[in-house]
Amino acid sequence: MKIFLLRIFYKHFEKDKKRAIIALKGCYFTAISMKDLSNLRKEYAQAQLTADSLEESPFSQFQKWFDQALKATILEPNAMVLSTVDIHNTPTQRTVLLKYFNPPGFVFFTNYTSRKAQHLATNPSASLLFPWYALERQVIVTGKVERIPVEESKAYFFSRPYGSQLGAWVSKQSSVIDSRQVLENRLSELKQQFLEGEVPFPDFWGGYRLVPESMEFWQGGVNRLHDRILYKRVESAWILSRLSP
Ligand SMILES: Cc1cc2nc3c(=O)[nH]c(=O)nc-3n(C[C@H](O)[C@H](O)[C@H](O)COP(=O)(O)O)c2cc1C
């Protein structure tokens, strides 16, 4: 390591002393931080995913793991990373909250003019990832996303607290704004306009349902021999397979 740094120093020193010192500092800090990162290692030994412990339906398996995530009081157990692609197939990911799930699929709510909504309008294929690291688990769901019926979105919207209802009206999600003040001003206006219990339903906002085509359950294992169980939908049945870690 020392010899490597000295070589770099002399290579640059011949040309320019200042650049040589900058190069040396850069190498040193990169080496230090890489060393620290490469030492971050944890054995995953909390559980195993065995054939006899698996549910036949991936929804039942998800319910089981979701209940365990709730019980483990991990931060935001219903937070999931939604991936979509734009018209050029460039992917984007962002966190959204799962609001409910049942055999048709997984439901989240958002603004129908947002970037994600634009992506989904051109390509409804998407994936969800639940990062339950505290349990040494992740679940990846892939499938097609569709808008839920307006009545279903309304039912959820009117169950939200006043502040969240106004929040849906304030934000032209994903558009560029001049400052935070724009949002604060708009919120004040809306508070004058709509009293609590009188906020109308915004027709540019609602739910999406991802209907799964596959669901992968990942459980960390000792010596990196992780368990990966894939449920794949084939017509109306679910076919299970084990993937190599
Ligand atoms: C923990 C967490 C929960 C979030 N939940 C939602 C949500 O349920 N719906 C939503 O539209 N955005 C949610 N967001 C914000 C999104 O990550 C994202 O910034 C926003 O939806 C705009 O994404 P887009 O520009 O790709 O459309 C959440 C962010 C975090 C960190």
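The questions and answers below concern how terms are applied to one predicted model.

Residues are numbered from 1 along each chain as its sequence is written. In this predicted model, local features need pLDDT of at least 70 and side-chain atom pairs count only at pLDDT 80 or more, while totals for chains, interfaces and linings use all residues.

Q: Why is Thr110 called buried?
A: Thr110 has 21 other C-beta atoms within 10 Å. A residue is buried if 20 or more other C-beta atoms lie within 10 Å of its own, exposed if 12 or fewer, and partly exposed in between, with C-beta atoms placed from the backbone. Thr110 therefore counts as buried. Of the 245 residues of the chain, 20% count as buried.

Q: What makes Phe201 partly exposed?
A: The count for Phe201 is 14 other C-beta atoms within 10 Å, so Phe201 falls in the partly exposed class. Phe201 sits in the loop between α7 (180-193) and β7 (205-219). Helices (H or I, at least four residues) and strands (E, at least two) are DSSP runs, numbered from the N terminus.

Q: Why does Thr73 count as exposed?
A: Thr73 has 8 C-beta neighbours inside 10 Å and therefore counts as exposed. Its place is in the loop between α3 (58-71) and β1 (79-85). Phi of Thr73 is near 45°, a positive value in a residue other than glycine.

Q: What makes Asn89 exposed?
A: Asn89 is exposed because it has 7 C-beta neighbours inside 10 Å. Asn89 belongs to the loop between β1 and β2, and its phi, near 70°, is a positive value in a residue other than glycine.

Q: Which residues are in contact with Thr110, leaving aside its neighbours within four places in sequence?
A: They are Val96, Lys116, Ala117 and Tyr208. Two residues are in contact if their C-beta atoms, placed from the backbone, lie within 7 Å. Thr110 itself is found in strand β4. From C-alpha to C-alpha, Thr110 and Trp205 are 5.9 Å apart in space and 95 residues apart in sequence.

Q: With which residues is Phe201 in contact, leaving aside its neighbours within four places in sequence?
A: Phe201 is in contact with Lys154 and Phe157. Phe201 and Leu166 are 9.9 Å apart, C-alpha to C-alpha, and 35 residues apart in sequence.

Q: How do α6 and α7 pack, and at what angle?
A: Helix α6 (residues 162-170) and α7 pack at an angle of about 120°, with their axes 10 Å apart. That makes α6 oblique to α7. Axes are lines fitted to C-alpha atoms, for helices over the stretch in contact, and angles run from 0 to 180 degrees between N-to-C directions. Angles under 35 degrees count as roughly parallel, over 145 as roughly antiparallel, 65 to 115 as roughly perpendicular and the rest as oblique.

Q: Which residues of α6 and α7 meet?
A: Leu166, Trp169 and Val170 in α6 meet Leu183, Arg186, Leu187, Leu190 and Lys191 in α7. The residues of this contact divide into six nonpolar, no polar and two charged. Ala, Val, Leu, Ile, Met, Phe, Trp, Tyr, Cys and Pro count as nonpolar, Asp, Glu, Lys and Arg as charged, and the others, Gly among them, as polar.

Q: Which element gives the most to the shell around the ligand?
A: β2 does, with five residues. The shell divides into five nonpolar, six polar and four charged residues.
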